[in-house]
Amino acid sequence: MDLVAEQGFFTVRWHDGAVELLDQRLLPGTVRILRLSTAADVAAAIRDMAVRGAPAIGVTAALGLALGARELGDDPERFDGGFAGLCDLFAATRPTAKNLFWAIDRMRALVAGMRGVAAARIREALLDEAQAILEEDVRACRTMGAYGAQLVADGATVLTHCNAGALATAGYGSALGVIRGARDAGKAVRVLADETRPFLQGARLTAWELQRAAIPVTVIADGMAASLMRAGEIGCVVVGADRIAANGDVANKIGTYSIAVLARVHAVPFYVAAPSSTFDLDLGDGSRIPIEERSAAEMTHFGGMRIVPEGVPVRHPAFDVTPAVFVSAIVTELGVLRAPYRTSIARALGKGL
Ligand code: MRU
């Protein structure tokens with residue numbers, strides 16, 4: 001799997017005993033690779049959004065745990081205690097992304113299943129597992145792309161929000177994977193990218209990676225989608241997800257819910273693309289999905305300049321929850337799921353009802 005040859009960049013990888021990632025805070029102006037040699041640095045990179053997007057966060061945490069395991073000694077008791085501490089460190093970085101907790105649980109289960117095995121052997125197994133999580137994520141995105149391509153009409157203009165692309169996954173992308181899949185299936189497709197205040201993932205990241213993929217993209221301010229929908233300029237909406245509850249309620253970047261409501265009012269299909277690692281079947285609905293509140297500074301400042309008067313408070317919930325009733329279909333690597341979601345999700349994830 002040579003993602004650099006295919007996409008021209010990688011999101012995150014293990015290289016020469018360290019975790020390397022493309023620093024997304026600097027895009028589109030500067031392409032810089034961060035080389036991280038400690039678990040603490042990897043956790044900080046997730047918290048500070050050098051790497052972001054739910055699947056990419058999960059993959060990075062898995063690699064960070066494999067890296068951190070090298071910092072622990074060989075004494076079995078100490079290793080177990082130290083590894084639990086590392087899991088807690090990563091779990092405290094971004095609360096909404098289910099893929100983060102899914103990846104941590106998978107790494108934790110591996111260690112639990114290797115009680116009595118030498119620490120050196122466990123370290124090797126952890127790295128293999130993290131690499132497997134990375135490769136599975138790319139494969140899942142490609143499969144989602146092929147399924148989702150069927151939903152996109154030839155010649156369609158697709159609205160997307162935030163960045164759910166190769167930069168938000170280990171490669172190819174979830175929502176942008178659907179768009180890549182449509183293009184790879186020979187369809188002409190154009191993208192409208194919401195700029196996505198306040199972190200501008202749409203303007204900075206979606207536009208950057210689609211331009212590199214030679215997929216036509218136009219950036220719009222978040223408030224422009226309504227009138228463009230009314231003018232009939234948007235064929236469908238495709239977004240990613242940070243967490244999907246058992247009933248199909250979808251947590252995604254703040255502003256997604258308003259697009260879903262607009263799409264319903266204008267009879268535009270609203271699709272969500274996410275791998276199975278994004279589903280949280282312990283939550284019956286979206287009301288208990290933890291919503292990350294990020295720092296006020298990301299709202300009050302722009303490029304180092306204050307844009308809100310000193311002393312005026314701001315709100316900064318980083319995600320919202322779109323009720324399942326607004327979702328036309330959920331594209332996963334297991335197929336395209338339709339309402340009633342409680343049944344289709346349980347069936348696809350093999351949990352029965
Ligand atoms: O705060 P971010 O940039 O991590 O938020 C990312 C999103 O909301 C994405 O749409 C979501 O994680 C899906 S990424 C495939």
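**Reading a predicted chain**

Trainee: What percentage of the residues in the chain is buried?
Mentor: Please keep in mind that this is a predicted model. A residue counts as buried when its relative accessible area is under 20%. Taken over the 353 residues of the chain, the buried share is 55%.

Trainee: How many helices and how many strands are there in the chain?
Mentor: Both kinds of element occur in the chain. The count gives 12 helices and 16 strands.

Trainee: What radius of gyration does the chain have, and why does it agree with a compact globule?
Mentor: The C-alpha trace spans about 65 × 55 × 40 Å along its principal axes. For 353 residues, a compact globule would have a radius of gyration near 20 Å, and the value for the chain agrees with this because it is 20 Å.

Trainee: Of the contacts with a separation of 6 or more, what share comes from residues 24 or more positions apart?
Mentor: Contact here means heavy atoms within 4.5 Å. Among the contacts in the chain with a separation of 6 or more, residues 24 or more positions apart account for 74%.

Trainee: Is helix α7 largely enclosed or largely open, and why?
Mentor: Helix α7 covers residues 175-184, and its buried residues include Leu-176, Val-178, Ile-179 and Arg-180. Because 8 of its 10 residues are buried, the rest of the structure leaves helix α7 largely enclosed.

Trainee: Which residue with a positive phi follows α7?
Mentor: The residue in question has a phi near 90°, and it comes after the helix. Its name is Gly-186.

Trainee: How are the rings of Phe-79 and Phe-83 arranged as a pair?
Mentor: The structure holds 3 aromatic pairs. In the pair of Phe-79 and Phe-83, the ring centres are 6.3 Å apart and the planes meet at 5°, and planes under 30 degrees apart count as stacked, so this pair is stacked.

Trainee: Where in the chain do Phe-79 and Phe-83 lie?
Mentor: Phe-79 is buried at 1% relative accessibility, and Phe-83 is buried as well, with a relative accessible area of 3%. An α-helix has 3.6 residues a turn, so residues three or four places apart point the same way. These two phenylalanines, Phe-79 and Phe-83, are 4 residues apart, about one turn, and both lie in helix α4.

Trainee: What is the C-alpha to C-alpha distance between Phe-90 and Leu-100?
Mentor: Phe-90 is found in helix α4 and is buried, with a relative accessible area of 0%. Beyond four places in sequence, it touches several residues, among them Ala-39, Ile-46, Leu-65 and Leu-100. Phe-90 and Leu-100 are 10 residues apart in sequence, and their C-alpha atoms are separated by 8.0 Å.

Trainee: Is Thr-218 buried, partly exposed or exposed?
Mentor: Thr-218 is found in strand β6, and, leaving aside neighbours within four places in sequence, it is in contact with Arg-190, Val-191, Leu-192 and Ala-193. Its relative accessibility is 34%, and because values between 20% and 50% fall in the middle class, Thr-218 counts as partly exposed.

Methods: Residues numbered from 1 in each chain as written. Predicted model: local features only at pLDDT ≥ 70, side-chain atom pairs only at ≥ 80, totals over all residues. Heavy atoms only, no water. Rg over C-alpha atoms; globule rule 2.2 N^0.38 Å. Buried < 20%, exposed > 50% of the residue type's maximum accessible area, 1.4 Å probe, protein only. Phe/Tyr/Trp six-rings, centres within 6.5 Å; stacked < 30°, edge-to-face > 60°.
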